[in-house]
Amino acid sequence: MDEILEFFRDVIDKTLADLPKELKENIQNLEFIILDFPTQTFLEEYKFTTQTLLGLYVGVPLNKRGANYSLVLPDRIYIFMQPIIYFANLEKIPLEEKIRKVVLHEIGHYFGMGEDDLRNLGIY
């Protein structure tokens with residue numbers, strides 16, 4: 001399991017490194033949490049009903065932050081390994097590509113993009 005966790009970490013790091021400079025410079029106070037699956041408690045807390053959640057951004061998007069936004073805990077992007085592996089196999093795409101898409105999708109939410117915006121960019 002450690003090897004797959006390291007693989008996910010490496011792909012996340014590479015995805016972040018490959019972002020355009022203007023985007024990279026605006027990512028602050030954000031952490032990635034990699035888990036096997038969302039737990040039942042997690043799903044209930046964030047009002048989801050399916051274990052096939054691939055990733056989730058939790059925080060205040062950049063475009064919603066006001067002047068008083070300071071001294072807060074980091075925003076979080078959760079990445080769920082087993083659902084991502086499952087869908088990469090189902091879609092017959094390389095695991096690295098699927099991880100990258102999920103990471104970019106959640107970073108899009110960090111920047112304030114909605115599902116329609118991400119779909120239009122092909123990051124869905």
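Trainee: Which residue just after helix 4 takes a positive phi?
Mentor: Lys92, with a phi of about 55°. Keep in mind that this is a predicted model.

Trainee: What makes one side of helix 4 its buried side?
Mentor: Start with Met81, Pro83, Ile84 and Ala88, which are buried in helix 4. They cover an arc of only 165° around the axis, so they lie on the same side of the helix. The face turned away from that side carries the exposed residues Asn89 and Leu90.

Trainee: What covers the buried residues of helix 4?
Mentor: The cover includes helix 1, strand 1, strand 3 and helix 5.

Trainee: How do you know that strand 1 and strand 3 pair?
Mentor: Pairing takes at least two bridges. Strand 1 and strand 3 have 6, in the parallel sense. Phe32 stands opposite Ile77, and Ile34 opposite Ile79.

Trainee: How do you know that strand 2 pairs with strand 3?
Mentor: The cut-off is again at least two bridges. Here 4 bridges join them, and the two strands run antiparallel. One example is Leu56, whose bridge partner in strand 3 is Tyr78.

Trainee: What is the order of the strands in the open sheet?
Mentor: The order is 1-3-2, and the pairing is mixed.

Trainee: Why are strand 1 and strand 2 said to stand at the edges?
Mentor: Each has a single partner strand, so one side of each has no neighbour in the sheet. Neighbouring strands are turned by 15° against each other on average, direction ignored.

Trainee: Which strands does helix 1 touch where it packs on the sheet?
Mentor: Strand 1 and strand 3. The direction of helix 1 makes about 150° with that of strand 1. Helix 4 also touches strand 1 and strand 3, and its direction makes about 50° with that of strand 3.

Trainee: Which residues touch the most other members of the largest nonpolar core?
Mentor: Phe8, Ile79, Ile84 and Ile99, in a core of 19 residues. Elements giving two or more residues include helix 1, strand 1 and strand 3. Helix 5 gives the most, with 6 residues. Beyond its sequence neighbours within four places, Ile79 has contacts that include Phe8, Ile12, Phe32, Leu54, Ile84 and Val102. A second, separate core has 7 residues, among them Phe42, Leu43, Leu56 and Val58.

Trainee: Why does Arg9 count as partly exposed?
Mentor: Its relative accessibility is 38%. Exposed would need over 50%, and buried under 20%. Arg9 therefore counts as partly exposed. Glu6 also stands at 38% and is partly exposed.

Trainee: How do you know that Lys21 and Glu25 form a salt bridge?
Mentor: Their N-to-O distance is 3.9 Å. Lys21 is exposed at 57% relative accessibility, whereas Glu25 is partly exposed at 48%.

Key. Residues numbered from 1 in each chain as written. Predicted model: local features only at pLDDT ≥ 70, side-chain atom pairs only at ≥ 80, totals over all residues. Heavy atoms only, no water. Core = buried A, V, L, I, M, F, W, Y, C linked by side-chain atoms within 4.5 Å. Buried < 20%, exposed > 50% of the residue type's maximum accessible area, 1.4 Å probe, protein only. Contact = heavy atoms within 4.5 Å. Axes fitted to C-alpha atoms, helices over the stretch in contact; angles between N-to-C directions. Arc of directions from axis to C-beta. Salt bridge = Lys/Arg side-chain N within 4 Å of Asp/Glu carboxyl O.
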